[in-house]
Amino acid sequence: MPRLFLLSFLLFAAVANAETEAYEFGSAQMEADYKKLINELRCLVCQNQNLAGSNADLAKDLRHQTYQMLMQGKSSDDVIDYMVARYGDFVLYRPQLKPSTYLLWLGPFILLVLVLVLVIRHMRQKQVISPPEADSLRRAAELLDDADRKS
Amino acid sequence: MRYATPLGIFILIAGLLGYGLTLDPKLVPSPLIGKPTPAFTLARLHAPDIKVSEKEFEGEVWVLNVWASWCVACRAEHEFIKRLSRLGIARVIGLNYKDKPEDARNWLRELGDAYEFSLMDQDGRVGIDWGVYGVPETFIIGKDGLIKYKHIGPINLESLNSEVIPILKELTG
């Protein structure tokens, strides 16, 4: 029974990414390029879907535009430039690395380094406290001995 | 004051997130601001034999309003487009986007035609060139043929008075 559930989920996953258009491509490479592009371009109407998975009219139009450009012999980069020129960086799921996106791409790593620095500093502080603890331990042992002798 | 650092970080993040709540995540700013009008050649809605290109507007300030008869928000907006036209500050041209010409003409007959004329973009290709991703959208183009401003969504009284009209006055100034 669990296997049946798993199988049905896998089938759903496959259907979710299927576009309704059946395009004829000039070559297998062109078809691969097309699939890659429509998975990396965002649908601007349903903004958390890519062009591959969206049923919106605009998505259909942009898929067709992508197909036409590839058939005309344009490269994947040409298609990306075309979309970004009209819709901005947001149309790409993977924004291009340029001055305006440095903070976006490098930010998490910078934050990680910052946090590591803080953690290491905090740990160093703890080590400084340790030596006096040896004294405290001895004192505690003496007190305990006294208590034992008294009882 | 060991709590200064975490408190400081919290206030910073809370401030940024608070500001973020005032923004609209669906707005996609146009990369075409400051760029030349995309080239186009389209037929007029009420005179399909006449073709109009971007050259028609050279040296003039003009407004392009993207609309469709199937667009609900366009109905509410149309009254303000009419007001804009009546002011006579700039030419107001409609881009009838992905629509059936007969439906479009009926719609204008019903609501009253706000535009000097409308152009038919039935397959939406010209819309793509302008970066249109929803309807309605409004563009303001300057005398130099550069796109100066894009308004996403319907124009209401407030945006008309606080954004559109001041920008037009400044451009035609």
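Here is a short walk through the cysteines, one loop and a surface patch of this predicted model.

Let's begin with the cysteines. Across all chains there is one disulfide, and the partners are B:Cys71 and B:Cys74, with their sulfur atoms 2.2 Å apart. The link of B:Cys71 and B:Cys74 is right-handed, with 90° about the S-S bond. B:Cys71 counts as buried because its relative accessibility is 5%, and B:Cys74 is buried too, at 1%.

Now turn to chain A, where A:Cys43 is in no disulfide; its nearest cysteine sulfur belongs to A:Cys46 and is 4.3 Å away. A pair of sulfur atoms has to lie within 2.5 Å to count as a disulfide. A:Cys43 has 0% relative accessibility, so this residue counts as buried, whereas A:Cys46 is partly exposed, with a relative accessible area of 25%.

A:Cys43 also leads us to a neighbor, A:Gln49, which touches A:Arg42, A:Cys43, A:Ser54 and A:Tyr93, leaving aside residues up to four places away in sequence. You will find A:Gln49 in the loop between helix H2 (28-40) and helix H3 (57-71) of chain A. Its C-alpha atom is separated by 9.0 Å from that of A:Asn39, ten residues apart along the chain. With 29% relative accessibility, A:Gln49 counts as partly exposed.

Finally, look at the surface of chain A. A nonpolar patch there includes A:Leu97, A:Tyr102, A:Trp105, A:Leu106 and A:Phe109, and the whole patch has about 1200 Å² of accessible area together. One of its members, A:Leu106, lies in helix H5 (residues 102-150) of chain A. A:Leu106 counts as partly exposed because its relative accessibility is 43%.

How values were computed:
Residues numbered from 1 in each chain as written. Chains lettered and ligands numbered in written order. Predicted model: local features only at pLDDT ≥ 70, side-chain atom pairs only at ≥ 80, totals over all residues. Heavy atoms only, no water. Patch = residues over 30% accessible without salt bridge, like charges linked within 9 Å, V, L, I, M, F, W, Y side chains within 5 Å. Areas by Shrake-Rupley, 256 points an atom, 1.4 Å probe, with all protein chains shown as cover. Salt bridge = Lys/Arg side-chain N within 4 Å of Asp/Glu carboxyl O. Helix = DSSP H or I, 4+ residues; strand = E, 2+ residues; numbered from the N terminus. Buried < 20%, exposed > 50% of the residue type's maximum accessible area, 1.4 Å probe, protein only. Contact = heavy atoms within 4.5 Å.
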